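Look at the model below.

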Amino acid sequence: MLNFKHLRYFWAVAHTGNLTRAAEQLHVSQSALSVQIRQLEGWFDQSLFDRQGKNLVLTEAGRIALEYADRIFGVSDELVTTLRGGDNTARRILRVGAITTLSRNFQKVFLGPLFEQDDVLVVVRSDSQESLLESLQSQELDVVLTNIPPQRDRGRPWLLHTIDKHSISLIGYPGRVGKKRSLKKLLAEHPIVVPTVENAIRIAFDALCERLGVVPAIRAEIDDMALLRLMVRADFGLAVVPSIVVQDELDAGMVVELAELPGITETFHAVTLARRFPNPLLPMVLRRIDAGIEQERELE
C-alpha cells in the first residue's frame, strides 16, 4: 500500500522545491528526507523530481502526484474541518492560459461547463502567447486558448484543437447609421476601429477594402477586445470585430450588426501538449469539439 508518510514528505518538498527548507519544516534531517523521497519514487517506479543544483523541479509524473497529493491532504483537512464544524471542499483543478487579446465572451462560453462543476477549480491566466506556451511546455498549464495557431516543431510538438469559427462583422452604435447602407458605403463614410496590422483579421480586412476599392478612415487600431467593445459602445466609430466579442451588447441592443464581412473569419483554438498523464478534466472541455465533428458526420 501507498506509504502516506512518504507522500506527505514528497508533498512538502514539492511545495518548497528545496530539500533543506522542507526538512526544516518537517523537523527531520535532509538525508532522511531524501531517502524517503527515493523510496516513494521506487514504489511508483517513476522519477518525481529532476535535480537542478540545489533545487528540485517536478517531472510530469511529479506534477500528477502533487495534484493528487493536494487533493488527498485537502480531503484530510476537510474531514477535520467537517467534524469540528465549518466548511471546506477539495476540488479538481484545471489550469488554463488565454492570450491577453482573446475574447472574454468566448472564454466564458468555452469554459462554462467547468464553471458549473462545484468540485472543479478553473485557474485562468492571461499573458502573451509565447509566455503561455512556455508554461504549457513546463506543464504549469494544461491548455492554452488562442486565436493564433502557434509554430510547431520537434522541440514544441503542440496539439492544435480547432474549437470554433466566427464570422467578422461591422458593428456600430444604434442610430449612427440611419438607413441601410451597402458595405462599401459604410466603410467609406464612417470612421473605422480595427485590429492592429499584425492581426490576421486586419490583414484580411485590408485585402477586402482593396477589392472594394475603399480607403477607410482608420480611427484606432486595437487588439484589446475589452477596449474595442468600449470604443464601439461610445460611438467612436464602426468596429471590425467577431460578433461573439460583443454578443452581450448585441443582445442588449447597445450596438447593432451592420454588415458581415465576406470571407473573413476568426478561428479559436485550444493548444495542448501530448502527455503521459493528461489532466482528466481536459476531455470534458475538448469533448465539445468531438461532438461538433460527430454532428458534421451525421450531416454528411
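## A nonpolar patch

I72 lies in helix α4, which spans residues 60-84. The model is a predicted one. With a relative accessible area of 31%, I72 is partly exposed. Together with F4 and Y68, I72 makes a nonpolar surface patch of about 280 Å².

The whole structure contains 12 salt bridges. One of them joins D248 to K108, with 3.8 Å between the closest N and O atoms. This pair links distant parts of the chain, since D248 is in helix α10 (residues 247-252) and K108 is in helix α5 (residues 104-115), 140 residues apart. D248 is partly exposed at 36% relative accessibility, and K108 is also partly exposed, at 47%.

R229 and E249 form another salt bridge, at 3.0 Å from N to O. R229 belongs to helix α9 and E249 to helix α10, and the two are 20 residues apart. R229 counts as buried at 18% relative accessibility, and E249 is buried at 3%. Salt bridges with shared partners also join E60, D142 and R275 into one network.

D235 and R176 form a salt bridge whose closest N and O atoms are 2.6 Å apart. D235 sits in the loop between α9 (225-233) and β9 (238-242), while R176 sits in the loop between β6 and α7, 59 residues away in the chain. D235 is partly exposed at 26%, as is R176 at 24%.

K180 is in the loop between β6 (158-172) and α7 (183-189). At 78% relative accessibility, K180 is exposed. K180 and D235 are 55 residues apart in sequence, and their C-alpha atoms are 18 Å apart in space.

How values were computed: Residues are numbered from 1 along each chain as its sequence is written. This is a predicted model: local features need pLDDT of at least 70, side-chain atom pairs count only at pLDDT 80 or more; totals for chains, interfaces and linings use all residues. Side-chain values use heavy atoms; hydrogens and water are left out. Patches are made of residues with over 30% relative accessible area and no salt bridge: like charges are joined within 9 Å, nonpolar side chains (Val, Leu, Ile, Met, Phe, Trp, Tyr) within 5 Å. Accessible areas come from the Shrake-Rupley method with a 1.4 Å probe; for residues, only the protein chains shown count as cover. A salt bridge is a side-chain nitrogen of Lys or Arg within 4 Å of a carboxyl oxygen of Asp or Glu. Helices (H or I, at least four residues) and strands (E, at least two) are DSSP runs, numbered from the N terminus. Buried means under 20% relative accessible area, exposed over 50%, partly exposed in between (1.4 Å probe, protein chains only).
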